[in-house]
Amino acid sequence: MTWDEHIMLIGHTVNCFGGNVKVIGNTGSNSTREAIHASEQGFAVGMHAALHINPYYGKTSMDGLVSHFDGVLSMGPTIIYNVPSRTGQDIPPHVILTFAHNSNLAGVKECVGNDRIKQYTGNGIVAWSGNDDECHDARWSYGATGVISVASNLIPGLMHKLMFDGKNSTLNSKVRPLVDWLFKEPNPIGLNTALAQLGVVRPVFRLPYVPLQIEKRIEFVNLVNKMGREHFVGEKEVKVLEDDDFILLGRY
(Lines give C-alpha, C1' and ligand atoms only; values in the text may rest on other atoms or scores of the structure.)
Protein backbone atom coordinates (compact mmCIF):
# COMPACT_ATOMS: atom_id res chain seq x y z
CA MET A 1 0.00 0.00 0.00
CA THR A 2 0.99 3.58 -0.44
CA TRP A 3 1.34 5.63 2.73
CA ASP A 4 -1.86 7.50 1.85
CA GLU A 5 -3.73 4.18 1.65
CA HIS A 6 -2.06 3.05 4.85
CA ILE A 7 -3.24 6.05 6.87
CA MET A 8 -6.70 5.91 5.28
CA LEU A 9 -7.00 2.26 6.34
CA ILE A 10 -6.07 3.12 9.92
CA GLY A 11 -8.64 5.91 9.95
CA HIS A 12 -11.31 3.68 8.42
CA THR A 13 -10.64 0.99 11.03
CA VAL A 14 -10.89 3.53 13.83
CA ASN A 15 -14.15 4.85 12.39
CA CYS A 16 -15.68 1.37 12.16
CA PHE A 17 -14.32 -0.33 15.27
CA GLY A 18 -12.41 2.19 17.40
CA GLY A 19 -15.23 2.46 19.90
CA ASN A 20 -15.05 -1.24 20.71
CA VAL A 21 -11.39 -2.24 20.35
CA LYS A 22 -7.96 -0.66 20.47
CA VAL A 23 -6.61 0.08 17.00
CA ILE A 24 -2.86 -0.44 16.63
CA GLY A 25 -1.50 1.18 13.48
CA ASN A 26 1.59 -0.26 11.84
CA THR A 27 3.47 2.96 11.13
CA GLY A 28 7.00 1.59 11.27
CA SER A 29 9.68 2.37 8.69
CA ASN A 30 13.43 2.02 8.19
CA SER A 31 13.52 5.83 8.03
CA THR A 32 13.06 7.45 11.42
CA ARG A 33 11.69 10.59 9.81
CA GLU A 34 9.13 8.58 7.87
CA ALA A 35 8.16 6.51 10.93
CA ILE A 36 7.61 9.65 13.02
CA HIS A 37 5.58 11.32 10.27
CA ALA A 38 3.42 8.23 9.70
CA SER A 39 2.82 7.89 13.43
CA GLU A 40 1.83 11.53 13.66
CA GLN A 41 -0.73 10.95 10.91
CA GLY A 42 -1.92 7.68 12.46
CA PHE A 43 -2.55 9.28 15.83
CA ALA A 44 -4.26 12.19 14.08
CA VAL A 45 -6.83 9.81 12.55
CA GLY A 46 -7.47 8.15 15.88
CA MET A 47 -5.26 5.09 16.33
CA HIS A 48 -4.63 4.17 19.96
CA ALA A 49 -1.04 2.97 19.58
CA ALA A 50 1.64 2.43 16.96
CA LEU A 51 3.49 -0.74 16.00
CA HIS A 52 7.14 -0.06 15.15
CA ILE A 53 9.61 -2.37 13.49
CA ASN A 54 13.34 -1.72 13.65
CA PRO A 55 15.05 -0.30 10.55
CA TYR A 56 15.35 -3.05 7.93
CA TYR A 57 17.76 -3.48 5.00
CA GLY A 58 19.60 -0.26 5.80
CA LYS A 59 20.43 -1.60 9.24
CA THR A 60 21.82 0.61 11.93
CA SER A 61 23.95 0.15 15.07
CA MET A 62 22.66 -0.65 18.54
CA ASP A 63 23.02 3.03 19.44
CA GLY A 64 21.10 3.84 16.27
CA LEU A 65 18.29 1.50 17.33
CA VAL A 66 18.02 3.28 20.66
CA SER A 67 17.89 6.66 18.94
CA HIS A 68 15.31 5.43 16.41
CA PHE A 69 12.95 4.07 19.05
CA ASP A 70 13.50 7.09 21.26
CA GLY A 71 12.23 9.19 18.38
CA VAL A 72 9.11 7.14 17.62
CA LEU A 73 8.22 6.60 21.29
CA SER A 74 7.92 10.35 21.67
CA MET A 75 4.86 10.27 19.40
CA GLY A 76 2.62 8.16 21.65
CA PRO A 77 1.92 4.61 22.92
CA THR A 78 4.11 2.17 20.99
CA ILE A 79 4.59 -1.57 20.59
CA ILE A 80 8.09 -2.42 19.42
CA TYR A 81 8.11 -5.24 16.87
CA ASN A 82 11.06 -7.63 16.64
CA VAL A 83 11.12 -9.98 13.65
CA PRO A 84 14.74 -10.62 12.56
CA SER A 85 13.65 -12.99 9.76
CA ARG A 86 12.21 -9.96 7.96
CA THR A 87 14.48 -7.13 9.09
CA GLY A 88 17.80 -8.98 9.12
CA GLN A 89 18.59 -7.60 12.58
CA ASP A 90 17.57 -8.69 16.07
CA ILE A 91 16.52 -6.14 18.68
CA PRO A 92 18.36 -7.47 21.73
CA PRO A 93 16.78 -7.25 25.18
CA HIS A 94 19.20 -4.59 26.40
CA VAL A 95 17.80 -2.20 23.77
CA ILE A 96 14.21 -2.86 24.87
CA LEU A 97 15.14 -2.57 28.54
CA THR A 98 16.49 0.91 27.81
CA PHE A 99 12.87 1.98 27.43
CA ALA A 100 11.39 -0.11 30.26
CA HIS A 101 10.37 3.01 32.19
CA ASN A 102 9.19 5.00 29.19
CA SER A 103 5.48 5.62 29.70
CA ASN A 104 4.86 5.25 25.96
CA LEU A 105 6.27 1.71 25.74
CA ALA A 106 3.09 -0.37 25.52
CA GLY A 107 5.05 -3.59 25.04
CA VAL A 108 6.88 -5.81 22.58
CA LYS A 109 5.75 -8.04 19.75
CA GLU A 110 8.45 -10.72 19.87
CA CYS A 111 9.15 -13.28 17.14
CA VAL A 112 12.48 -14.68 18.35
CA GLY A 113 10.82 -17.20 20.65
CA ASN A 114 9.27 -17.87 24.01
CA ASP A 115 12.51 -17.76 25.99
CA ARG A 116 12.93 -14.17 24.83
CA ILE A 117 9.34 -13.39 25.80
CA LYS A 118 10.06 -14.71 29.28
CA GLN A 119 12.96 -12.27 29.60
CA TYR A 120 10.53 -9.42 29.08
CA THR A 121 7.61 -10.63 31.14
CA GLY A 122 10.02 -11.48 33.95
CA ASN A 123 11.07 -7.84 33.95
CA GLY A 124 7.56 -6.44 33.94
CA ILE A 125 7.43 -5.64 30.21
CA VAL A 126 4.25 -6.61 28.37
CA ALA A 127 4.93 -8.99 25.49
CA TRP A 128 2.86 -10.46 22.71
CA SER A 129 3.95 -13.49 20.73
CA GLY A 130 4.51 -12.81 17.06
CA ASN A 131 4.46 -16.51 16.19
CA ASP A 132 1.12 -18.28 15.79
CA ASP A 133 2.75 -21.69 16.17
CA GLU A 134 4.21 -20.75 19.59
CA CYS A 135 1.51 -18.46 20.92
CA HIS A 136 -0.38 -21.00 23.05
CA ASP A 137 2.69 -21.86 25.11
CA ALA A 138 3.80 -18.21 25.08
CA ARG A 139 0.50 -17.21 26.67
CA TRP A 140 0.13 -19.97 29.24
CA SER A 141 3.73 -20.90 30.08
CA TYR A 142 5.86 -17.80 29.39
CA GLY A 143 3.69 -14.90 30.51
CA ALA A 144 2.73 -13.39 27.15
CA THR A 145 -0.35 -11.18 27.13
CA GLY A 146 -1.51 -12.71 23.85
CA VAL A 147 -0.54 -12.92 20.20
CA ILE A 148 -0.46 -10.51 17.28
CA SER A 149 -1.69 -13.14 14.91
CA VAL A 150 -2.03 -14.07 11.26
CA ALA A 151 -4.45 -16.96 11.77
CA SER A 152 -6.83 -14.72 13.74
CA ASN A 153 -7.75 -13.05 10.46
CA LEU A 154 -9.30 -16.39 9.46
CA ILE A 155 -10.42 -17.99 12.72
CA PRO A 156 -10.81 -15.11 15.21
CA GLY A 157 -13.10 -17.02 17.57
CA LEU A 158 -10.80 -20.01 17.93
CA MET A 159 -7.73 -17.83 18.40
CA HIS A 160 -9.52 -15.74 21.02
CA LYS A 161 -10.44 -18.94 22.85
CA LEU A 162 -6.85 -20.15 22.60
CA MET A 163 -5.62 -16.95 24.25
CA PHE A 164 -8.27 -16.27 26.87
CA ASP A 165 -10.07 -19.49 27.87
CA GLY A 166 -7.15 -21.22 29.55
CA LYS A 167 -4.56 -23.75 28.51
CA ASN A 168 -5.96 -25.98 25.80
CA SER A 169 -3.56 -28.34 24.07
CA THR A 170 -6.39 -29.97 22.13
CA LEU A 171 -7.44 -26.69 20.53
CA ASN A 172 -3.82 -25.77 19.89
CA SER A 173 -3.37 -29.02 17.99
CA LYS A 174 -6.58 -28.37 16.07
CA VAL A 175 -5.44 -25.00 14.71
CA ARG A 176 -1.81 -26.01 14.12
CA PRO A 177 -2.30 -27.51 10.61
CA LEU A 178 -3.88 -24.24 9.45
CA VAL A 179 -1.01 -22.24 10.97
CA ASP A 180 1.53 -24.49 9.23
CA TRP A 181 -0.34 -24.03 5.93
CA LEU A 182 -0.39 -20.25 6.28
CA PHE A 183 3.39 -20.07 6.52
CA LYS A 184 4.33 -22.37 3.65
CA GLU A 185 5.21 -19.11 1.89
CA PRO A 186 5.95 -15.72 3.47
CA ASN A 187 2.97 -13.95 5.01
CA PRO A 188 0.61 -12.53 3.71
CA ILE A 189 0.60 -14.81 0.63
CA GLY A 190 -1.24 -17.67 2.32
CA LEU A 191 -3.60 -15.36 4.19
CA ASN A 192 -4.61 -13.40 1.10
CA THR A 193 -5.12 -16.63 -0.84
CA ALA A 194 -7.30 -18.01 1.94
CA LEU A 195 -9.42 -14.87 2.27
CA ALA A 196 -10.04 -14.90 -1.47
CA GLN A 197 -11.11 -18.56 -1.38
CA LEU A 198 -13.48 -17.79 1.48
CA GLY A 199 -15.07 -15.06 -0.62
CA VAL A 200 -14.16 -12.36 1.91
CA VAL A 201 -11.90 -10.35 -0.42
CA ARG A 202 -11.56 -10.06 -4.15
CA PRO A 203 -8.85 -12.32 -5.63
CA VAL A 204 -6.57 -9.41 -6.47
CA PHE A 205 -2.85 -9.50 -5.67
CA ARG A 206 -0.47 -6.57 -5.92
CA LEU A 207 2.93 -7.77 -7.11
CA PRO A 208 5.32 -9.04 -5.93
CA TYR A 209 2.72 -11.11 -4.04
CA VAL A 210 1.14 -13.96 -5.98
CA PRO A 211 -1.36 -16.59 -4.79
CA LEU A 212 -0.35 -20.00 -3.54
CA GLN A 213 -0.15 -22.82 -6.08
CA ILE A 214 -3.29 -24.80 -6.88
CA GLU A 215 -2.19 -27.75 -4.75
CA LYS A 216 -2.04 -25.52 -1.68
CA ARG A 217 -5.41 -23.97 -2.54
CA ILE A 218 -6.95 -27.45 -2.57
CA GLU A 219 -5.28 -28.16 0.77
CA PHE A 220 -6.91 -25.07 2.24
CA VAL A 221 -10.41 -26.13 1.22
CA ASN A 222 -9.79 -29.51 2.83
CA LEU A 223 -8.57 -27.79 6.02
CA VAL A 224 -11.68 -25.62 6.19
CA ASN A 225 -13.97 -28.59 5.73
CA LYS A 226 -12.11 -30.60 8.39
CA MET A 227 -12.06 -27.78 10.96
CA GLY A 228 -15.59 -26.58 10.17
CA ARG A 229 -16.59 -23.69 7.91
CA GLU A 230 -18.40 -22.07 10.85
CA HIS A 231 -15.07 -21.26 12.52
CA PHE A 232 -13.86 -19.16 9.58
CA VAL A 233 -14.69 -15.58 8.63
CA GLY A 234 -17.22 -14.88 5.90
CA GLU A 235 -20.46 -16.54 4.96
CA LYS A 236 -19.79 -17.84 1.45
CA GLU A 237 -18.87 -21.40 0.59
CA VAL A 238 -15.12 -21.99 0.46
CA LYS A 239 -13.93 -22.63 -3.09
CA VAL A 240 -10.85 -23.80 -4.93
CA LEU A 241 -9.97 -20.83 -7.11
CA GLU A 242 -8.30 -21.47 -10.45
CA ASP A 243 -5.26 -19.56 -11.67
CA ASP A 244 -7.41 -17.51 -14.04
CA ASP A 245 -9.60 -16.37 -11.14
CA PHE A 246 -6.76 -14.25 -9.74
CA ILE A 247 -5.80 -10.78 -10.93
CA LEU A 248 -2.16 -9.76 -10.53
CA LEU A 249 -1.34 -6.07 -10.57
CA GLY A 250 2.11 -4.64 -11.24
CA ARG A 251 0.92 -1.06 -11.68
CA TYR A 252 -1.98 0.46 -9.79
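The protein exposes about 13100 Å², and carbon and sulfur atoms supply 50% of that area. Accessible areas here come from the Shrake-Rupley method with a 1.4 Å probe, and for residues, only the protein chains shown count as cover. Before we look around, please note that this is a predicted model, in which local features need pLDDT of at least 70 and side-chain atom pairs count only at pLDDT 80 or more, while totals for chains, interfaces and linings use all residues. Residues are numbered from 1 along each chain as its sequence is written, and side-chain values use heavy atoms, with hydrogens and water left out.

**The whole protein**

You can find eleven helices and eight strands in the protein. Helices (H or I, at least four residues) and strands (E, at least two) are DSSP runs, numbered from the N terminus. The radius of gyration is 19 Å, close to the 18 Å that the globule rule gives for 252 residues, so the protein is as compact as a globular protein of that length. That radius is taken over C-alpha atoms, and the globule rule is 2.2 Å times the number of residues to the power 0.38. Along the principal axes, the C-alpha atoms fill a box of roughly 50 × 45 × 35 Å.

Of the 252 residues, 44% count as buried. Buried means under 20% relative accessible area, exposed means over 50%, and partly exposed lies in between (1.4 Å probe, protein chains only).

**Two domains**

The domain assignment gives domain 1 (1-148) and domain 2 (153-251); such bounds come from an automatic or database domain assignment. The C-alpha centres of domain 1 and domain 2 lie 25 Å apart. How many residues of domain 1 are in contact with domain 2? There are 13 of them, in contact with 16 residues of domain 2. Contact means heavy atoms within 4.5 Å.

Now let us visit helix α10 (residues 189-197). Eight of its nine residues are buried, so helix α10 is largely enclosed by the rest of the structure. Among the buried residues are Ile-189, Leu-191, Leu-195 and Gln-197. The cover over the buried residues of α10 includes α9 (169-182), β7 (204-206) and α11 (214-227). After α10 comes Gly-199, whose phi is positive, near 75 degrees.

Gln-197 also turns up among the residues that Val-240 touches, together with Ile-214, Arg-217, Ile-218 and Val-221, not counting residues up to four places away in sequence. Val-240 sits in the loop between α11 and β8 (247-249). Is Val-240 buried or partly exposed? Its relative accessibility is 32%, so Val-240 counts as partly exposed. Val-240 and Gly-42 are 198 residues apart in sequence and 37 Å apart in space, C-alpha to C-alpha.

**Backbone angles to look for**

Most residues other than glycine have a negative phi, and most peptide bonds are trans.

| Cis peptide bond | Omega |
|---|---|
| Asn-187 to Pro-188 | near 15 degrees |
| Leu-207 to Pro-208 | about 20 degrees |

Pro-188 lies in the loop between α9 and α10, and Pro-208 lies in the loop between β7 and α11.

Finally, look for Tyr-57, in the loop between β2 (49-53) and α3 (62-73). Tyr-57 has a positive phi of about 60 degrees although it is not a glycine. With a relative accessible area of 80%, Tyr-57 is exposed.
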